Amino acid sequence: MGMNILVVNDDGIEAAGFAALVKALSEVADVYVCAPESQRSARSHSITLGQDVIIEKTEFPGAKAAYKISGTPADCTKIGLQFFAEAGAPIDIVYSGINMGSNLGRDTLYSGTIGAAAEAALSGVHAVAVSVDDHDAVYFDVACCLAKEAIDLVYGKLDKSVVLSINVPNLPKEQIRGIKYVPLGNTRYYDDKFHLVEGSRYTLSGQPGDYVKPGEENDLSAVAENYAVITPLQMDFTDYESLEQIKKWSLSL
């Protein structure tokens with residue numbers, strides 16, 4: 001029996017990176033697609049509650065079956081896992097991406113790409129997130145190659161609670177210096193503000209600040225030095241050291 005891979009994203013079903021990933025994975029597995037009908041970046045792990053989600057069958061090159069939906073990236077994972085299992089194609093791995101833009105450092109808190117992958121991990125399914133470090137990315141070959149290689153390294157080997165996050169510079173293969181296995185950088189921030197558009201309407205915009213510190217070895221510094229990076233992420237937010245500390249507090253009701 002072949003492997004069934006669900007591919008989701010947050011850039012929308014028409015994104016170039018998404019098409020590249022589906023095509024690449026379809027060469028080695030049976031691929032199923034569930035993606036937002038349009039851009040849903042920075043939706044994190046949100047799901048749609050209190051309103052209907054429109055789910056439509058569609059055709060997608062390289063996919064055995066596909067849906068486009070009106071919901072969030074995490075909705076895509078939930079719907080894909082349910083609908084394809086009900087159709088007799090239970091999913092073995094969920095791939096989220098290829099995101100147009102990196103998911104490094106604190107970006108992972110906002111990222112719809114990571115959120116969709118995290119939903120798979122919470123559902124007990126292996127998850128891989130793939131991103132290229134440019135919102136106008138055009139070089140997907142290295143990201144696709146790493147995505148395909150990750151299948152055998154992740155499936156049945158990594159714990160299903162882990163999201164494997166792959167980030168690749170937007171460069172030709174010959175200009176990428178190698179691969180680094182590194183932690184998240186916690187210093188990334190944005191110089192952003194809400195700007196008045198008209199009346200009471202505002203929009204948030206800005207640029208990343210100078211977040212790479214000399215001597216630091218993390219995903220931010222490695223991508224800045226033209227390395228592809230791989231980082232395992234976990235969904236357990238508990239700070240266990242602080243937990244032991246606060247157990248000594250004398251709070252009372």
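Predicted model: local features only at pLDDT ≥ 70, side-chain atom pairs only at ≥ 80, totals over all residues.

**Entry 1: helix α4.** I went through α4 and found Gly112, Thr113, Ile114, Gly115, Ala116, Ala117, Ala118, Glu119, Ala120 and Ala121 buried. My cut-offs: buried is under 20% relative accessible area, exposed is over 50%, and partly exposed is in between, with a 1.4 Å probe and protein chains only. That makes ten of the eleven residues of α4 (residues 112-122), so the helix is largely enclosed by the rest of the structure. Helices here are DSSP runs of H or I with at least four residues, strands are runs of E with at least two, and both are numbered from the N terminus.

I also checked both ends. At the start of α4, a side-chain oxygen of Ser111 comes within 3.1 Å of the backbone nitrogen of Thr113. After α4 comes Gly124, with a positive phi near 80 degrees.

**Entry 2: ground rules.** Residues are numbered from 1 along each chain as its sequence is written, and side-chain values use heavy atoms, with hydrogens and water left out.

**Entry 3: the whole chain.** I listed seven helices and eleven strands in the chain. The radius of gyration is 19 Å, close to the 18 Å that the globule rule gives for 253 residues, so the chain is as compact as a globular protein of that length. (The radius is taken over C-alpha atoms, and the rule is 2.2 Å times the number of residues to the power 0.38.) Along the principal axes, the C-alpha atoms fill a box of roughly 55 × 55 × 50 Å. Of the 253 residues, 47% count as buried.

Next I looked at contacts, meaning heavy atoms within 4.5 Å. Among those between residues at least 6 apart in sequence, 76% join residues at least 24 apart.

**Entry 4: the annotated site.** Which residues does the UniProt annotation "binding site" cover? The unreviewed entry gives Asp10, Asp11, Ser41 and Asn99. UniProt positions are in the numbering used here, feature names are shortened, and annotations may be inferred rather than shown by experiment. The four span 90 residues in sequence, yet no two of their C-alpha atoms are more than 9.1 Å apart, so they gather at one spot. The lining of the largest pocket includes Asp10, Asp11, Ser41 and Asn99. (On a 1 Å grid over the protein atoms alone, a pocket is an open set of points where a 1.4 Å probe fits, with protein on both sides within 12 Å along at least five of seven lines; lining residues have an atom within 4 Å of a point.)

Buried or exposed: what is Asp10? Asp10 is buried, at 2% relative accessible area. I found Asp10 in the loop between β1 (4-8) and α1 (16-26). Leaving out residues up to four places away in sequence, Asp10 touches several residues, including Pro36, Ser41, Asn99, Gly112 and Thr113.

Ser41 sits in the loop between β2 (30-36) and β3 (55-58) and is partly exposed at 33%.

Entry 5: I moved on to strand β9 (residues 190-198), which is hardly covered: the count of buried residues among its nine is zero. β9 pairs with β10 (residues 201-208) in the antiparallel sense over eight bridges. Pairing needs at least two DSSP bridges between the strands. Asp192 has Gly206 as its bridge partner in β10. The two strands form a hairpin with two residues between them, and Gly199 in the turn has a positive phi of about 60 degrees.

Entry 6: His126 is in strand β6 (residues 126-132) and is buried at 4%. A polar atom of the His126 side chain lies 3.0 Å from the backbone nitrogen of Gly156. I also spotted a cis peptide bond from Gly97 to Ile98, with omega near -5 degrees; Ile98 is in strand β5 (residues 93-100).

Definitions and conventions. Polar contact = N/O pair within 3.5 Å; in protein donor to acceptor, adjacent residues only side chain to side chain.
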